[in-house]
Amino acid sequence: MDNPPYPGSMRRLAAATALVMTATACSPAATTTSSTTVPVTSTTTTIPPTTVAPSSTTTQPTTTTAGSVEGTSFVLPATREMGPAWEELFVIPYGVDEATLGTAPGGEGLMYGPEYGAQAPDGTWAFLDAAKQRIAYFSEDGEYLNQVPIGPDLLVDGQYFQYQLPRFLDDGTLIATGFRGENSTAVLMVKDGMASEMSLAVAVIAKTDDGSLLYGFDTANNQVEVDLAAATVTPVEFFRSRTGDRYRLTLADQTLHIEQPDADPPSDRSLAILAPDPPGGGAFASAELASGVDGDLYLFMLGIAQDDESLQLGGYTTIHPDGGIDNIETVRDPFSPSDPGSPSHLGVRPGTNDPWLMFIDEDGARVFGLRAP
C-alpha cells in the first residue's frame with residue numbers, strides 16, 4: 001500500500017500505515033549484564049508507531065455516527081479533548097532535580113522529554129528518563145520515590161540511552177527494548193532496584209504482552225512471541241490476552257480487521273475506518289494495544305483523513321472477549337514539541353482492568369485514567 005505524505009507531527013504515523021507485518025522468526029541467544037552509575041544527558045531514537053499487523057482485507061464502508069461502531073464501519077473522530085470517561089491523574093514536570101524528569105536536545109531547538117513510562121502492579125510508575133539516564137520511580141499519585149541509574153554498560157557506545165516502549169510484566173519486571181543493528185534487540189529489565197540487559201539475536205518491535213510473554217513483529221514483518229525466560233523468539237499466528245484468549249488485529253486498506261477465535265461464538269470482523277464529515281471518506285490509522293485481566297483489549301487509535309491530511313483523528317475503545325466493541329471515545333492531540341515520538345501512550349496496570357493514557361507535553365509527562373464507574 002502506498003504511504004501518503006503526512007504533514008507536521010502526523011509524519012510520526014507514516015511508518016504505521018506503510019509497515020507490513022504478519023509470521024516467521026528465529027531463536028536468539030541471550031546475555032545479561034548489570035549497571036550502576038550517575039545519570040548524564042543523552043539522546044534517543046524512535047521506533048515506528050505500529051502495534052497491529054496490516055492485512056489485505058477490504059470492506060465496503062457504511063455511514064455511521066462519529067464514534068459509533070455499527071455494521072461494517074466506524075468513524076474515527078477528530079482529536080480535540082479527552083472524552084468524559086477520562087480524568088487527569090497527574091503531571092510530572094521537567095527540571096534539573098531528581099524529583100523531576102529531564103529533557104534532551106532533539107534538534108531544531110526541540111527539547112524531548114522521557115521515552116514514556118508504565119505502571120507497575122503495585123500502582124507505582126516508572127519512567128524511561130533518557131536525559132538523566134535513569135529509571136525514575138513515582139508513586140501512584142505522581143510523587144517522586146527513587147531512581148535506578150542506567151550505567152555505561154547498558155548505554156549505546158557507553159553514552160546513549162536508547163530504550164523505548166516500557167511495560168511492566170505481572171511479576172513486577174519493567175521491560176523496555178531498543179534496536180541494536182539490523183539483527184539485534186536489547187531488552188532492558190529492571191527489578192528490585194537492579195537493571196540488566198538481555199540481547200536477542202533478532203530485531204523485534206515489542207508491542208504488547210500477556211503479562212509474561214511479549215508479542216510484536218520482527219523487521220521481516222513476521223508476527224512473533226518473545227519468551228524472555230527462555231530467550232526465544234517464535235512465530236505465532238495469534239497474540240494472547242492476559243486470560244490466554246487468542247486474537248489478531250490487522251490494519252490495512254483503511255480497514256480494521258479483528259479476529260477472536262476463542263470468543264463464543266468465534267468472532268471475525270472487518271470495519272472500514274472512516275473520517276468524519278467533512279471531509280468524509282476513508283482514514284489511515286495506526287494503533288496501540290493493551291489487555292486487561294478479564295480479557296478486554298484496549299485500543300488507542302490515531303490517524304488522518306485520506307481527503308484532508310491536515311485533519312488529525314484519534315480515539316479509544318474496548319474490544320471485549322465476546323467480540324463486542326464499545327463506541328469510540330474522543331481523545332486529545334497526543335503530540336507536542338517535546339514528544340520523542342514513541343508509540344507508548346496506552347497501558348494498563350498489571351492485574352487490573354485499569355487502562356491509562358500518557359502524553360509527553362512541553363510542561364511534563366501527563367497521565368489520564370478512566371473515571372471510576
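## Surface and overall content

The chain exposes about 14300 Å², of which carbon and sulfur atoms supply 50%; accessible areas come from the Shrake-Rupley method with a 1.4 Å probe, and for residues only the protein chains shown count as cover. Buried residues account for 58% of the 373 residues in the chain, where buried means under 20% relative accessible area, exposed over 50%, and partly exposed in between (1.4 Å probe, protein chains only).

This is a predicted model, in which local features need pLDDT of at least 70, side-chain atom pairs count only at pLDDT 80 or more, and totals for chains, interfaces and linings use all residues. Residues are numbered from 1 along each chain as its sequence is written, and side-chain values use heavy atoms, with hydrogens and water left out.

The chain contains 1 helix and 28 strands. Helices (H or I, at least four residues) and strands (E, at least two) are DSSP runs, numbered from the N terminus.

Strands of a sheet pair through backbone hydrogen bonds, either parallel or antiparallel. Two strands are taken to pair if DSSP finds at least two bridges between them.

S15 and S16 are antiparallel and pair over 5 bridges; Thr208 has Tyr215 in S16 as its bridge partner. Strand S16 (residues 214–218) pairs with strand S17 (residues 223–227) in the antiparallel sense over 4 bridges, and Gly216 stands opposite Val224 in S17. The hairpin of S16 and S17 has 4 residues between the strands, and Asn221 takes a positive phi near 70 degrees there.

S17 is also joined by 4 bridges to strand S18 (residues 232–235), the two running antiparallel. Glu225 stands opposite Thr234 in S18. The hairpin formed by S17 and S18 has 4 residues between them, with Ala231 in the turn at a positive phi of about 55 degrees.

## The sheet S4-S28-S27-S26

Another open sheet is formed by 4 strands in the order S4-S28-S27-S26, with antiparallel pairing. Its edge strands, S4 (86–93) and S26 (346–348), each pair on one side only. The twist from one strand to the next averages 25 degrees.

S4 pairs with strand S28 (residues 364–370) over 7 bridges in the antiparallel sense, and Arg366 in S28 is the bridge partner of Val91.

Conventions. Axes are lines fitted to C-alpha atoms, for helices over the stretch in contact, and angles run from 0 to 180 degrees between N-to-C directions.
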